[in-house]
Each structure stands twice: as C-alpha cells, then as structure tokens.
Amino acid sequence: MERTEIALHGHRVSYRRAGRGPLLVLLHGIAGNSATWDEVIPLLSRSHTVIAPDLLGHGDSGKPEGDYSLGAYANAVRDLLEALEEERGTLVGHSLGGGVALQFAYQF
C-alpha cells in the first residue's frame, strides 16, 4: 500500500493507494483517518484500485481554518480524484465519510 501526499488548493492531502481495477474510494469517520481501512484495503486491492484519503482536518492531511461541511468535503474528494485523473468510482463511507459520500452523489 502506497501512502502519499498531494497539495490541493494550498493544503496537504494525505492518502493511501493500492491495487488495480475499478476505483473504490474509502472515506473515514469523524476523528478518524485512512488507517480505519487498514484491514480491508489489502483484500479490496486484489480486484480494485483503492484510494483512502485522510480528509482535511484529520490524520496527516492539513488542518486549515475554514469550511468542514459535507459539501466542502465532497468538493475536496472531487478535487482529489480529478488531480489523480480518476473519472469514475464507488465511494464507501463510514459515519462522517458516509455523509460525504451521499453529498458527493448529490452534488456530482
């Protein structure tokens, strides 16, 4: 599993990436981080490309002052996927991440 960072809108976004195949984006809950998914990433990455970001304000990602609404998180996930040149995928969320996934589906 590869852990890397990217700068989006001047803020550091840390994420884990593994596997090949259809895209799965795993979104953690509040006060969590991408490590939430450590046990399932190896299994899912056998047949999928898995991306698990640390949402802004969590884990190793930046903690800027600003908007931490579901809409802002959905926009950030969209921007991350665009930066990684990923066009389609399935979002899976736990707790806060579920809300972000629903908002993402609504917005995009």
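Residues are numbered from 1 along each chain as its sequence is written, and side-chain values use heavy atoms, with hydrogens and water left out. Because the model is predicted, local features need pLDDT of at least 70 and side-chain atom pairs count only at pLDDT 80 or more, while totals for chains, interfaces and linings use all residues.

**The strands**

Helices (H or I, at least four residues) and strands (E, at least two) are DSSP runs, numbered from the N terminus. Two strands are said to pair if DSSP finds at least two bridges between them.

Let's begin with strand 1 and strand 2, which pair in the antiparallel sense over seven bridges. In this pair, glutamate 2 stands opposite arginine 17 of strand 2. The two strands make a hairpin with two residues between them. Strand 2 also runs antiparallel to strand 4, with four bridges joining them.

How many residues of strand 4 are buried? Five of the five are, so strand 4 is largely enclosed by the rest of the structure. Buried means under 20% relative accessible area, exposed means over 50%, and partly exposed is in between (1.4 Å probe, protein chains only). In a regular strand, side chains alternate between the two faces of the sheet. Strand 4 is covered on both faces: Thr49, Ile51 and Pro53 are buried on one side, and Val50 and Ala52 are buried on the other.

**The cores**

A nonpolar core is a set of buried Ala, Val, Leu, Ile, Met, Phe, Trp, Tyr and Cys residues joined through side-chain atoms within 4.5 Å. The largest one has 20 residues, and Leu27, Val77 and Leu80 have the most contacts inside it. Two or more residues each come from strand 1 (2-8), strand 2 (11-18), strand 3 (23-27), helix 2 (70-83) and helix 3 (96-107). Helix 2 gives the largest share, five residues. Apart from this core lies another, of six residues, including Ala18, Leu26, Ile41 and Val50.

Not counting residues up to four places away in sequence, leucine 80 touches Ile6, Leu8, Val13, Tyr15, Ile51 and Pro53. Valine 77 sits in helix 2.

**Two helices crossing**

The axes of helix 2 and helix 3 come within 8 Å and cross at roughly 75 degrees. Axes are lines fitted to C-alpha atoms, for helices over the stretch in contact, and angles run from 0 to 180 degrees between N-to-C directions. The two helices are therefore roughly perpendicular (65 to 115 degrees) to each other. Helix 2 brings Leu70, Gly71, Tyr73, Ala74, Asn75, Val77, Arg78 and Leu81 to the contact, and helix 3 brings Leu96, Gly99, Val100, Gln103, Phe104 and Gln107.

**Single residues**

The table shows how accessible some residues are.

| Residue | Relative accessible area | Class |
|---|---|---|
| Valine 77 | 4% | buried |
| Histidine 58 | 9% | buried |
| Tyrosine 68 | 34% | partly exposed |
| Histidine 9 | 65% | exposed |
| Alanine 31 | 74% | exposed |

Histidine 58 is in the loop between strand 4 (49-53) and helix 2. Leaving out residues up to four places away in sequence, histidine 58 touches His28, Gly29, Ile30, Ala31, Gly32, Lys63, Tyr73 and Leu96. Tyrosine 68 also lies in the loop between strand 4 and helix 2. Its C-alpha atom is separated by 8.0 Å from that of leucine 56, 12 residues apart along the chain.

Two residues other than glycine have a positive phi. Histidine 9, in the loop between strand 1 and strand 2, has a phi near 55 degrees. Alanine 31, in the loop between strand 3 and helix 1 (41-44), has a phi near 65 degrees.

Key:
Contact means heavy atoms within 4.5 Å. Angles under 35 degrees count as roughly parallel, over 145 as roughly antiparallel, 65 to 115 as roughly perpendicular and the rest as oblique.
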